[in-house]
Amino acid sequence: TLDLNNHTLAYTGTADRFLTVNKAGSVLTVTDNSTAKGGKLDVTKSYDGNLRCVSVSSGEFVVEGGQVSVQNTMAGKTARAIWPVTNAIVTIKGGTVQAKSPKDARAINTGNICTINVSGGNIIAKAQDTNDAWGANAYSIYFEKGTLTMSGNPVITSEAASSAYGVYASGDGPGFHISGGTINATTKSGNSALCVRIGGTTGDGMAIGVIEGGTFNAKSQGTYPCAAVVEINGNLTIEGGTFDVQSLTNGGDVDCTRCGYGGTLEINGGSFTAHYNDTKAGRSVGVRGGTVTVNGGTFSGTEGMTAINYASAYATNTANVTINGGSFVTSGTTLNVSSRKREAKLDQGKETERDTTYTCNANVTVNGGYFCSTGSTIVNLAQADGAAASTLVLNGGKYAEKSGSTYKGQITAFKGFTTSVTDINETVDGKTYKYEL
């Protein structure tokens with residue numbers, strides 16, 4: 001055990017790392033038992049490469065107190081606070097783990113089969129080059145083939161000029177289990193703010209993520225903030241938690257949760273809210289592809305679910321969506337189903353340059369749930385861009401429009417298709433459901 005006791009151990013050498021844990025079966029624990037709690041392992045310098053504070057090549061590295069900090073001050077270079085490699089274990093129970101760099105900052109980073117346990121403390125990544133709106137990326141926890149277990153009350157913070165990721169798990173690993181804590185992702189400009197991202201590689205492995213609880217806040221002054229994203233070779237199940245997403249300026253569309261091409265998303269509970277600050281849509285569920293099942297949860301924003309949105313059209317695919325339950329209450333369209341087609345150029349400037357058309361459609365089936373719009377259409381089927389192949393089947397559910405304090409029903413609230421509805425005027429919990437299927 002290394003008790004920092006309010007002292008700073010600062011590395012001033014020329015190597016790319018401060019400490020290395022490399023004995024199998026060994027455990028190095030960093031703590032600070034002082035009253036001030038100001039102890040620190042610190043690496044701050046200008047380094048032409050990937051600067052690290054602690055490398056764990058075998059054994060276990062535990063942080064119970066104090067700070068493990070790295071900052072690379074050289075423009076365009078990277079920093080890693082803790083770098084575990086194959087079969088290493090990293091456990092964060094308290095204290096602070098922090099990485100700062102102009103270009104690419106990662107508090108915990110691994111590309112190997114490792115185990116990461118987080119039950120307390122603060123994990124912070126900041127990519128600070130405000131002039132690099134597309135390349136300054138921050139990852140609080142990044143792993144490709146490892147396992148993350150997160151519980152208790154840790155606080156994960158990611159801030160970047162471009163893309164900020166709280167937890168980033170690619171598609172070749174076992175995945176993660178999150179039951180508590182807070183994840184905050186914020187971008188100053190440029191690209192995405194994502195609290196949790198799983199999948200995204202085309203290897204043989206499938207990354208499986210489970211979220212049972214926690215608080216997830218994503219804010220962006222750029223495009224596409226999202227609290228939870230699943231991509232190809234990713235499988236995400238959400239049982240609970242609070243998810244809140246906000247566009248701070250006139251950025252891109254807002255998705256509280258999003259499923260991309262080749263991903264699998266199941267929502268059984270939780271609270272999902274999407275805000276926007278301009279004319280862009282705030283969606284509680286955005287579908288670009290894959291398989292989505294909603295059995296429960298509370299969804300609010302400008303739109304409830306959109307399948308497919310325009311940004312989907314980067315690969316030809318069909319999304320399959322099933323809604324069995326959940327409460328969708330929105331100011332705009334509650335359930336929006338459309339088709340998208342996009343012309344794209346591949347390998348521009350090369351001999352292989354060619355035009356490619358991507359077509360994206362959705363097959364959506366509603367078996368249950370509550371759908372209410374306070375100012376627009378409840379359900380909309382719009383075949384856009386000449387790609388008229390999406391389908392919408394309403395087998396069940398309850399539907400209502402709200403004007404002021406009055407819930408009303410209008411057949412025009414169902415646009416783009418013909419459906420058979422029953423006018424029931426049933427009042428439940430103070431709400432009148434005008435239509436039931």
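Reader: What's the relative accessible area of K77?
Author: It is 26%, so K77 counts as partly exposed. The classes are buried for under 20% relative accessible area, exposed for over 50%, and partly exposed in between, with a 1.4 Å probe and protein chains only as cover.

Reader: Before we go on, what sort of model is this?
Author: This is a predicted model, where local features need pLDDT of at least 70, side-chain atom pairs count only at pLDDT 80 or more, and totals for chains, interfaces and linings use all residues. Residues are numbered from 1 along each chain as its sequence is written, and side-chain values use heavy atoms, with hydrogens and water left out.

Reader: Back to K77. Which residue does K77 form a salt bridge with?
Author: The partner is D48, and the closest N and O atoms are 2.9 Å apart. A salt bridge here is a side-chain nitrogen of Lys or Arg within 4 Å of a carboxyl oxygen of Asp or Glu. The two residues sit 29 apart in the chain: K77 is in the loop between β8 (67-72) and β9 (78-84), and D48 is in the loop between β5 (40-45) and β6. Strands are DSSP E runs of at least two residues, helices are H or I runs of at least four, and both are numbered from the N terminus.

Reader: And D48, buried or exposed?
Author: Exposed, because its relative accessible area is 54%.

Reader: How many salt bridges in the whole structure?
Author: The search finds eight. One of them joins D16 and R52, with the closest N and O atoms 3.8 Å apart. That pair also links distant parts of the chain, 36 residues apart: D16 lies in the loop between β2 (8-10) and β3 (19-21), while R52 lies in strand β6 (residues 50-56).

Reader: D16 and R52, buried or exposed?
Author: D16 is at 19% relative accessibility and so counts as buried. R52, at 13%, counts as buried too. Together with R17, they are linked in a network of salt bridges.

Reader: Which residue pairs with D104?
Author: R106, with 3.0 Å between the closest N and O atoms. D104 is buried at 11% relative accessibility, and R106 is buried at 12%.

Reader: New topic. How many helices and strands?
Author: Zero helices and 45 strands. For one set of pairings, take β26 (residues 242-247), which pairs with β29 (residues 271-275) in the parallel sense over five bridges. Strands pair if DSSP finds at least two bridges between them. β29 also runs parallel to β32 (residues 298-301), joined by three bridges. T273 in β29 stands opposite D244 and also opposite S300 in β32.

Reader: What does T237 contact?
Author: Leaving aside neighbours within four places in sequence, T237 is in contact with G209, V210, I211, E266 and N268. Contact means heavy atoms within 4.5 Å. T237 belongs to strand β25 (residues 234-238) and counts as buried, because its relative accessibility is 15%.

Reader: Which residues in the largest nonpolar core touch the most other members?
Author: I82, I141, F176 and M305, in a core of 92 residues. Such a core is a set of buried Ala, Val, Leu, Ile, Met, Phe, Trp, Tyr and Cys residues joined through side-chain atoms within 4.5 Å. There is a second, separate core of seven residues, among them Y139 and V229. Over the chain, buried residues make up 55% of the 437.

Reader: How do the contacts split by sequence distance? What share joins residues at least 24 apart?
Author: 79%, among contacts between residues at least 6 apart in sequence.

Reader: What's the average pLDDT?
Author: The chain averages 82, and 78% of the residues score at least 70. pLDDT is the predictor's confidence in each residue, from 0 to 100. Over residues 346-354 it is below 50, and that stretch has 12 contacts beyond near neighbours in sequence. Residues 415-421 also stay under 50, with 18 contacts beyond four places in sequence. Where pLDDT is low, the predicted coordinates should not be read in detail.
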